[in-house]
Amino acid sequence: MAYGKYFEQLEAGQKFEHWPGRTITEYDDTFFSLMSMNQHPLHVDEHFAKSTQHGQRLVEGPLVISLVIGMSQADIGGRALDTIEYRNVRHFEPVFHGDTIYSHSTVLALEELADGRCVACVESEGLNQNGKKVVSLERTIVVPRKEAR
Amino acid sequence: MSYGRWFEEFTTGAVYKHWPGRTITEYDNTSFALLSMNLNPLFLDEHYARTQPLGRRPVLDSLIFSLLVGMSVADTSGRTIANLGFDFVRFERPMFPGDSLYGESEVLSLRESSTKPDRGIVEIETRGFNQDGVRIAVLQRKFLAPKRPG
């Protein structure tokens, strides 16, 4: 019965292959775009999207990013108390309806801040079903210690 | 009938106040956590969350991020060809279900594409505030905006 890690369980350089992945459906993308108030027609209008570079709707960026973060929680941030920031969030390839996203993460650094909070810097990458990298980001999260000091 | 801006419609230093804002409900938060496979009980389990430092369930960082981006699109990247990424997204204060999020964006820089004359790169900073005007989050991003056709 473990979801996420305590600070003591993390080490710089640790790598995690997250499982399971998730197929992003047309419903997911339309729902997510609208619930987050993003009405860009590239995400919600198939007929408009047909006239654009990729000829179809693209999955909204924050959906892919949120999913990659979510998928990493079971292995890493499932006990995290806070997120301080994301850095260097990059999109590499478009994601289309029906694509499946998989992800992996590396612990880049661990640090105890002056105020006593313990933080982990984690790099996560999202891949599609063909193994192509579609997104990457770094996150700094606050992780609790198992034993108080 | 406009959503977003052409490259020529951006001015460095301009600040766009996004409207409307949005109250984040408990349903939004639980639904977003599950949809994005984020099962940290801090967001999902009120009884667990009461034992944690904040004493209740906060709004997911990724939901604040997604909503802040989404509500900025009508004034900024609503015509974008491609999003080039986010340099940083910083979370400064927690939000709780029932809080409202409002946003504003400032144009930091504009650059014509060196390879394609029909577009340019827009860099903006987007800031999110709660109903008391307290800043919750700030992010910087770049996107490609097309020039007005013709």
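Analyst: Start with strand β5 (residues 119–129) of chain B. 11 bridges join β5(B) to strand β6 (residues 135–146) of chain B, and the two run antiparallel. One bridge can be named: V122(B) has F143(B) of β6(B) as its partner. β5(B) and β6(B) form a hairpin with five residues between them. In that turn, G133(B) has a positive phi of about 80°.

A word on what you are looking at. This is a predicted model, in which local features need pLDDT of at least 70, side-chain atom pairs count only at pLDDT 80 or more, and totals for chains, interfaces and linings use all residues. Residues are numbered from 1 along each chain as its sequence is written, while chains are lettered from A and ligands numbered from 1 in the order in which they are written.

Now the terms for strands. Helices (H or I, at least four residues) and strands (E, at least two) are DSSP runs, numbered from the N terminus. Two strands pair if DSSP finds at least two bridges between them.

β5(B) also pairs with strand β4 (residues 100–112) of chain B. The sense is antiparallel, over 10 bridges. Here R111(B) has I121(B) of β5(B) as its bridge partner. β4(B) and β5(B) form a hairpin too, with six residues between them.

Next, step back along chain B to R56(B). R56(B) sits in the loop between α3 (46–49) and α4 of chain B. Along the sequence, R56(B) and D99(B) are 43 residues apart. In space they are 13 Å apart, C-alpha to C-alpha. R56(B) counts as exposed because it has 12 other C-beta atoms within 10 Å. The rule is this: 20 or more other C-beta atoms within 10 Å of its own make a residue buried, 12 or fewer make it exposed, and anything in between is partly exposed, with C-beta atoms placed from the backbone. Leave aside the neighbours within four places in sequence, and R56(B) is in contact with E46(B), A49(B), R50(B) and F96(B). Contact means that the C-beta atoms of two residues, placed from the backbone, lie within 7 Å.

Now look across to chain A. The contact between the chains takes 29 residues from chain B and 32 residues from chain A. On the chain B side, α1 (26–35), α4 and β3 (82–91) each supply at least two residues. The largest share of that side, eight residues, comes from α4(B). By class, the chain B side divides into 15 nonpolar, 10 polar and four charged residues. Ala, Val, Leu, Ile, Met, Phe, Trp, Tyr, Cys and Pro count as nonpolar; Asp, Glu, Lys and Arg count as charged; the others, Gly among them, count as polar.

Take the helices in this contact. The axes of α4(A) and helix α4 (residues 61–72) of chain B come within 10 Å and cross at roughly 175°. That makes α4(A) roughly antiparallel to α4(B). α4(A) contributes P62(A), I65(A), S66(A) and I69(A), and α4(B) contributes S62(B), F65(B), S66(B) and V69(B). This helix contact has five nonpolar, three polar and no charged residues. Axes are lines fitted to C-alpha atoms, for helices over the stretch in contact, and angles run from 0 to 180 degrees between N-to-C directions. Under 35 degrees counts as roughly parallel, over 145 as roughly antiparallel, 65 to 115 as roughly perpendicular, and the rest as oblique.

Strands cross between the chains as well. Four bridges join strand β2 (residues 82–91) of chain A to β3(B), and these run antiparallel. R87(A) has F88(B) of β3(B) as its bridge partner. N88(A) is also found in β2(A). N88(A) has a positive phi of about 50°, although it is not a glycine. N88(A) is exposed, with 12 other C-beta atoms within 10 Å.

M37(A) also has a positive phi, about 65°, and is not a glycine. M37(A) lies in the loop between α1 and α2 of chain A. M37(A) is buried, with 21 other C-beta atoms within 10 Å.
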